[in-house]
Amino acid sequence: MRNFFQFLIVMGLLQILTSQVRGQGKEVSDEEMKLILAAENARIAAVDKVIGSVVAIYGDVRGGGGSGVIFDPSGLVLTNHHVVAGAGVSGWGGIADGNLYRWQLVGTDPGGDVAIIRLIGRDDFPFSPLGNSDEVRVGDWAMAMGNPFVLTEDQKPTVTLGIVSGVERYQPGAGGNQLVYGNCIQVDSSINPGNSGGPLFNMQGEIVGINGRGSFLARGRVNVGLGYAISSNQLKNFIPDLMATKLVEHGTLDARFANRGGKVVCEAFYNEGVEIVNQGLELGDELLEFEGYPITSNDQFTNLISTLPETWPAHVVFKKADGEIKDVNIRLVGLPYKMKPPRARPPAKKGGKKKEPTPEQKRALEKQKMMAKVLTTKAGTIRDLKMNRENCKIVTSHMNRSLVSSLNAVSGKTIVINDKILSADQAPIGTQVIRISSDGRFRIQITEEGISKEFVFDGTDFWKQAENGEIQKLTFLRARLTPEIVQVVAYADLLKESPYAIFGDLQIDGGDKSQNSPSFRLKTIDAKSDWFYVWATIFDENGDLDIRLSKASADLNADGTSGGVCFTDWNDHQGIHFPNRRDFIAGLNETLIKSAVADRVELVDGIDADVFTIAKTPIEGK
Amino acid sequence: MGHQRVFELIAERIEMMFELSQAGKNKSGVSVGSSLIRFRGPRQDRVAGFPVFKTIALGVLVLGVILSTSLTHLNAQEDQPDIGLSAGILLAPKAFRAATKKVLPCLVTIESFGGVGAVQGKIGGIRRQGEGSTTGIIVSKDGYVITSSFNFIQKPRVITLKTSDGSAYLAKPIANDNTRKLTLLKIQNESKTGEAKPLNLNVAKFMSEEEIRVGQWAVTVGIGFGDVNPAISIGIVSAKNRGFGRAIQTDANVSPANYGGPMIDVQGRIIGVCVPLNPKSSSLASGVEWYDSGIGFAIPLYDQSIIEKLKKGKDINKAYLGIQPKPAKLDGSGVKVVTVVKTSPAEKAGLKKDDEIVKLGKYIVQDVNQFGTLVGRFDSDSKTKITYLRGGKPMTSELAFTVPPKVTPTRPNPGSPKLSPAKKEDKGKKAQPKKSNAENENGK
Amino acid sequence: MRHHLKRSIAHWIILVALAATIFVGDDSLADERLNGFLKKAVDIAQPKTVKIFGASVGRVEGYGTGIIVSNDGHIITGNGVYLNGYSTRVTLNNGETYPVKVIRRDSNLQLALLKIDASTPDFFELGETPAAEKGDWVIAVSNAFKVAERAEPLSVTLGILSLETKMTAKRRGTEVIYDGPLYLIDCITSNPGAAGGAVVTADGELVGMIGKLIESKETNTRMNYAVPEKLLARFLAGKPSESTQASTSPKGNSKPADLGITLFSLGGRKSPAFVDRVRRGSAAKKAGIRSDDLIVTLAGQTISNSTDYKSVLATLIPGEKTVIVVKRRNSLERFDIVPDEKK
């Protein structure tokens, strides 16, 4: 017995000694080789995970091209503006399954060199998630994938490995406010002509950038170890405007800042009637914070603002000469493009005789004209309403899926919510009971500050019943201006086949921020040109696509009498997701007025028709 | 009971250390020992030999140590991307060195003498092409060596090679694989009577197709920097099936310093032979301009029939079809025949103008560019089937490729501007369809 | 009893030692993300590396990188014309900028020693022991293409040490400005502004300094290399560097050697070293060399042409036996040969 343990001790000591004295005798010990192979296998696994989503982008002629990456199974692809500017409004895209699919241009941002195209032919394209580029550190692994020198023969991309050489880098544009690479990621992964538009992945298989640029020597445009990628967080800011089929401009405060004695101060204004001046900024004021980042240098500020689109509600904090600190939210103004669209060249005349252009030449000419049209579209306007509406359907189906895994899960059921209503400083001021039928009807019973009222949507009309029993049919406009109704209809209407159709035709209005996150802003326009806005945040914390209802209001800035409602604290209740907390807010900075917080949320079988019908004779009114 | 003896030896050693340290101390130094005695409890020191209690405690501890060290390693093996993996990266250089050491015995250093005068014009490379030592890989026990054709651009009159054990031999080129830019050499070890002297050679083994994976480490090894020791460069396998399906692409450095040398994996297995390659150009030295741009190629040799063909003295050449194609549809897809060259393989197969080619061998035809890469996958003596539509009706014919009517010069002409990398760019631009999207001034 | 006591104590020490190994464990095997393995190197090296700005001269860029090598502002960088002007200044990692004084230069290794009037507690201590061997990770920190401005961090790039070798400046032919041992690395450092940058291991230890651009005009290629740390240490200490030419020239008495071989001259220096005539009674004759032999190696050096032959012959010492290998018909022949003194 004693001997056995003594034996064990000796063996144990020997094992420890040999593992401590690593590599003696053998170059690489078996244990070390296992670790080395494990790390290699992890990288190979990361490659396998994402390689299917990389696109080799060509025009109609497939001799030259760039790259892109699919970020949604519907076939939406992120790439560079300069790739589509060369390829045209449509072309071919190859992916690792070996097939070539047609693609169409969706929207483009020449300022930041980003564009979105859409591959056609599948609704289940392999796609990759967008990561958080703020988490990227110098020294992190950086994998680039794309089609340098058009080398692929089977449409599988070239994979190159390097590290992040620098972050928050700035590469100036080509003039005319175009092709600026601000707050970009510098890498030494090999990036060559043809890699443009392709993804930069981290080792978790997330897109952290789109490669598009490099520093080159005079000897030619061949990689020398400096490549630049547009950060994924910038891409997120532009996705909604691009999906709206816009030509997107970048945003500016129309104010110039400079480093002065360790501070960043306002030096000049670029225009008359600059909005931020109306908000109190004066020459000499010190810029303290921008979009939540403390500002330490003008370079840093320039970097940050270059990642934002026009109309973005930027959060600016500045200090006045007397020490007063001002905190404002202000929509950025657009930096106009001085666009020189490619001249559509007619085919050269041969030998003096006017030759009839071949069908191929005619088609090329057509495409050139279409591209010229795209580049001269008024910035910020929807270029293709039909495509916009198709993309809108993708957005609302995502939003719908964030509520229920499938509409069948709630079919024939009623959602019952018991809320308490809190004031802005969290004091209880009332209660609320909401019932929502699976076909989008609802009844709200509110008691607030001692006063009770009820609202009903019976599937056709909106009704209000006062405490004294008085019933009023509300116009749709009035309904949109009633925050209690907005609170419910924004959610309930997502359960329908065509969300928000009751308020008019739905489209993607553009990109915006809601609850401090990049969001889609959807808009309905009715026959009277009255609008209703619904915002949906785009990504969850993991960078996965998670388009989710976030805010609703009849006003773009949630101003006016109605304000807006923010939906938050989403929880799962028996298979449906419901925002347990609805904040009633006002203004661009979403100032809290009151909240409805759910005490209980239940999914009940059956729909009681009486619940969703208003009783008694209606009185026509306001 | 050897272990018991070892144990006692260790115990004695520690005892002696303890005694020595005691010798230098005064009475107060014994306090350490006293506290240990207290810890041990009463009377236990009275038991002869090693007490049972302590033995069990020690044994349990040792078991715990063994288990915990084994488990840490087990964890590292599982596919959890973020755990324990930095260690695997930090340790990788050890594997790079071990892998290089493992492959050295099957490498040879090649020296070339004489030949056509130095080619004018510039070519990428630390030396002018073919000058200085280059690398080769032994592929058979009877002295066949595979290397890059680039090393013999000057058509040297004399080739010697030195194996890893220092033996020097004469060698002569046997045949070229012009599709892979490889040259097979044979060691001339015939004695004066014509008998082959026995050679003591280490034959290289090449990895199979499945073993090569995109994302794995790739180490390129070569002696072309004029040093006796090989230089190594690290990258990953960037893609398979490049260069008309014949090459593995890497972002490790592939340059005249290692053409003909091996690209190996982290365990020392050979992925392929490093060669200069630019699939868009057929000149022998094309691809050299990418020497450190992160685009390099190595030829895998899991298909041993390539070596066997070359051993017979037969060159391997690119397949020639003999048609001028154009897109079949307005959107750029498909392939239609514009002209058929007389007496070409295409004519012999019965192809005519306006035929739409849909299948070549087992490959489906997608467009003109892809069709070019499909034809490139075949050799000049390959036979296959070609399927095409004539007036909408599908037809299939036997197809026998040949060499192109004019043999492409394997040596660039002196004074040709083709060789300058800077000028090559321009040539490249003209040769290819407009790459305006890739060549934008400020983008890629 | 005392003996038993000591024995028990010894056993307890073993016990404790074993226990320690469980709990202290193996730090390098601890859980870590796949990323982060370079954080240490970057955090250590960036503060010790500086940006240098000077005057641009013609097409040569007027900026570079440098490494701090003392706590009182000594900086080593690549020798350059842009350091000549009065406006040369150094920007530290924290953004502070100082004017620069050039202390001295080395033309073999193309180094320059600068001094700024500042306290620099973050510096590389130069030593003689190499920090890395072939195959080890190296991280190059530099301001290639002047990407980093003011206080922005320098660019970091990853490679391995490809080979330890040396570069010999030739008197004719290739114009090579560097003469000495060097480390070839496989990340691209031959970019404008990179010279003078730090090359460190994954632990942040200095391996060398990014060398000044070597571009062969004949082959249009650039070399990526670092000047080894020990040469930097000697430079800092004021010791002169040795040209590699010195080590290959004959030591002691420099009486020229003669073998008695006349080579074929086919016009041009690049013809291979075919033996035309062997003088009677000469060293070559005694060794067994014949006409039409092709000299392949001499004294272990490859003889590609008559120029190689002449330069190796110049290094031979009369009376000292060496080896010559020739190709004769279809085989290689190896002979011992004792060079005569040239008369």
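The following legends describe close-up views of a predicted model. Residues are numbered from 1 along each chain as its sequence is written, chains are lettered from A in the order in which they are written, and side-chain values use heavy atoms, with hydrogens and water left out.

View 1. Chain A is divided into domain 1 (4-51), domain 2 (52-243), domain 3 (250-335) and domain 4 (385-612), with bounds from an automatic or database domain assignment. The C-alpha centres of domain 2 and domain 3 of chain A are separated by 30 Å. To their contact (heavy atoms within 4.5 Å), domain 2 of chain A contributes 15 residues and domain 3 of chain A 11 residues. The number of salt bridges (a side-chain nitrogen of Lys or Arg within 4 Å of a carboxyl oxygen of Asp or Glu) between domain 2 and domain 3 of chain A is 0.

**View 2. A nonpolar surface patch in chain C.** C:V57, C:V60 and C:V81 make up the patch, and their accessible area together is about 240 Å². Patch members have over 30% relative accessible area and no salt bridge, and nonpolar side chains (Val, Leu, Ile, Met, Phe, Trp, Tyr) are joined within 5 Å. Accessible areas come from the Shrake-Rupley method with a 1.4 Å probe, and for residues only the protein chains shown count as cover. C:V57 is placed in the loop between β1 (49-53) and β2 (63-68) of chain C, strands being DSSP runs (E, at least two residues) numbered from the N terminus. C:V57 counts as partly exposed because its relative accessibility is 41%, between the limits for buried (under 20%) and exposed (over 50%).

**View 3. Positive phi at B:F244.** Phi of B:F244, a residue other than glycine, is near 60°. B:F244 lies in the loop between β8 (231-242) and β9 (247-250) of chain B, and counts as buried at 16% relative accessibility.

**View 4. Positive phi at C:F145.** C:F145 is not a glycine, yet its phi is positive, about 60°. The loop between β8 (137-142) and β9 (155-167) of chain C holds C:F145, which is buried with a relative accessible area of 19%.

Key: Predicted model: local features only at pLDDT ≥ 70, side-chain atom pairs only at ≥ 80, totals over all residues. Patch = residues over 30% accessible without salt bridge, like charges linked within 9 Å, V, L, I, M, F, W, Y side chains within 5 Å. Helix = DSSP H or I, 4+ residues; strand = E, 2+ residues; numbered from the N terminus. Buried < 20%, exposed > 50% of the residue type's maximum accessible area, 1.4 Å probe, protein only.
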